[in-house]
Amino acid sequence: MLDFLKQKRKVALVLGGGSARGMAHIGVLKVLEREKVPIDRIIGTSMGALVGAAYSVGVPVKDMEEKAYGFSMKKLLDPTLPRMGLLAGDKLEILIRDITARRNFEDCRIPLAIVTTDIETGEEIVYQKGDLPKIVRASCSWPGIFNPVRIDGRLLSDGGIKSSVPTKVAKALGADYVLAVDVGFCVKRGKITNIFQMILQSFQITGEELNKYQSLEADRTIKVDLGDIDQSGFERAREAIVKGYHAAEGMIDQIKKDLGL
């Protein structure tokens, strides 16, 4: 009877932020899919929102992996007059539409929630419907780097500002078992020489602190040790995915035991 009850638990997969480090989520998904771990809902923030959205609408993990290998910061560069961000973010949205196969919330095979931050009010805004690529773009828009996105009258920016690992959102949506993936942040030591490094470093310092507490809200957390891969290290996608895979491998027996699998 206890095993039966465990199997009926509502499992939420929470994919945290981390930009390039978030490519490790792909490796984690490979293990969860192979082991047939049931996922009843996905909650994502920042890069976790992008990977989660692609998986939710049915993009094969293999396809995500191949696209990750061709990803680079250069593909996101669309400089604009720096009123709210250094980059317009239009190229980011084009990339998101490509990765999510131009699908939308109504195409989700697994219910999906995307976390964003209203930069004008400080509120955490969670979306489960709407223009999926645009909402994912908002969730991925680092403050000061990408222009924020105006949706439904709100000025939205990176979901990781408030929830770098949105475990509380998962519980608020009714999850009985929260499985979080924490890809961490890479706080570097050394001289800061430009505005990009300044913004990136401040985001990593804040994110590292948030992760410590938000991960504790999960029933089980897959913590991926990505070493010195920082948020702009897209050229190290293969390494990040492999590390995500091994981190999930190290936790999979415990996860299956938790769920009675």
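This is a predicted model: local features need pLDDT of at least 70, side-chain atom pairs count only at pLDDT 80 or more; totals for chains, interfaces and linings use all residues.
**Helix 4 and helix 9**

Two packed helices are described by the angle between their axes and the distance between the axes. For helix 4, which covers residues 61-69, and helix 9, which covers residues 237-259, the packing angle is about 145° and the axes lie 8 Å apart. On the helix 4 side the contact is formed by E65, A68 and Y69, which meet A237, R238 and I241 of helix 9.

**Cysteines**

The structure holds zero disulfides, and the distances between sulfur atoms show why for the two cysteines in the table, because a disulfide needs sulfur atoms within 2.5 Å.

| Cysteine | Closest cysteine sulfur | Distance |
|---|---|---|
| C108 | C140 | 15 Å |
| C140 | C108 | 15 Å |

The sulfur of C108 is therefore too far from that of C140 for a bond. C140 is also a buried residue, and its relative accessible area is 9%.

T167 belongs to helix 7, which spans residues 167-172. When residues up to four places away in sequence are left aside, T167 touches V14, V178, A180, Q214, E217 and A218.

Terms used
Residues are numbered from 1 along each chain as its sequence is written. Side-chain values use heavy atoms; hydrogens and water are left out. Axes are lines fitted to C-alpha atoms, for helices over the stretch in contact, and angles run from 0 to 180 degrees between N-to-C directions. Helices (H or I, at least four residues) and strands (E, at least two) are DSSP runs, numbered from the N terminus. Contact means heavy atoms within 4.5 Å. Buried means under 20% relative accessible area, exposed over 50%, partly exposed in between (1.4 Å probe, protein chains only).
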